[in-house]
Amino acid sequence: MKKVITYGTFDLFHFGHLEILRRAKELGDYLIVAVSTDEFNWDDKEKRCVYSYEERAAIVAAIDYVDEVIPETSWEQKESNVKEHLVDVFVMGDDWEGRFDFLNPLCEVVYLPRTAGISSTEVKTTVKNRF
Ligand code: C2G
């Protein structure tokens, strides 16, 4: 079984998130998604989410492409995750190009093109301006 992993906040889940999960799953048979916790988002990414970790994780877990959801609590957990879960492929959007190449000896590292024209920030702006 070829195992794939990817990481993200997945707040205000949108088509760009769906597309990265779809393409990540195409690279293997089993997709693990690490969803960043509220504490990690606030302490390390200075991101304040609309939805809580529990809500974001539940939405991601409900996606057909996703086989397992784990919490992302630190930047440093990726190497241990890859080892513990026997991951074959590490996937991120290409806004992260090069940032995780250090994982190369452990697994294949793939950066996929972001879906243009959508982001959680743009969703917030659209909702604010349009409604
Ligand atoms: N993404 C995408 N297209 C978009 C928006 C996002 O392909 N239009 C991808 C991102 O490149 C990322 C994933 O969707 O791979 C999740 O994006 P975010 O929820 O914004 O996550 P991020 O803040 O990038 O956190 O340790 C890594 C971090 O947890 C990633």
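**Note on the ligand site and the sheet**

1. A backbone N or O atom of Ile 118 lies 2.6 Å from a nitrogen atom of the ligand, a polar contact being a pair of N or O atoms within 3.5 Å. The protein covers 95% of the 630 Å² of accessible area that the ligand has on its own, with areas taken from the Shrake-Rupley method and a 1.4 Å probe.

2. The model is predicted: local features need pLDDT of at least 70 and side-chain atom pairs count only at pLDDT 80 or more, whereas totals for chains, interfaces and linings use all residues. Residues are numbered from 1 along each chain as its sequence is written, and side-chain values use heavy atoms, with hydrogens and water left out.

3. Around the ligand there are 20 residues, of which Lys 47, Glu 72, Asp 95, Thr 115 and Ile 118 come nearest; a residue qualifies as near if one of its heavy atoms lies within 4 Å of the molecule. For Glu 72, a polar side-chain atom lies 2.5 Å from an oxygen atom of the ligand.

4. His 17 also reaches the ligand, with a polar side-chain atom 3.4 Å from one of the ligand's oxygen atoms. This residue lies in helix H1. Is His 17 buried or exposed? His 17 is buried, because its relative accessible area is 13%; buried means under 20%, exposed over 50%, and partly exposed in between, with a 1.4 Å probe and protein chains only. Leaving aside neighbours within four places in sequence, His 17 is in contact (heavy atoms within 4.5 Å) with Phe 10, Asp 11, Leu 12 and Ser 120.

5. The sheet is open and has 5 strands in the order S3-S2-S1-S4-S5, with parallel pairing. Its edge strands are S3 (68-72) and S5 (108-112), each of which pairs on one side only. The twist averages 25° from one strand to the next. Strands (E, at least two residues) and helices (H or I, at least four) are DSSP runs numbered from the N terminus, and two strands pair if DSSP finds at least two bridges between them.

6. Strand S4 (residues 89-93) runs parallel to S5 and is joined to it by 5 bridges. Phe 90 has Val 109 of S5 as its bridge partner, and Val 91 has Val 110. S5 is mostly covered, with 4 of its 5 residues buried.

7. Helix H1 (residues 15-26) lies across S1 (3-8), S2 (30-36), S4 and S5, at about 145° to S2. Helix H3 (residues 53-61) lies across S2 and S3, at about 165° to S2. These angles run from 0 to 180 degrees between N-to-C directions, with axes fitted to C-alpha atoms, for helices over the stretch in contact.

Note on methods. Polar contact = N/O pair within 3.5 Å; in protein donor to acceptor, adjacent residues only side chain to side chain.
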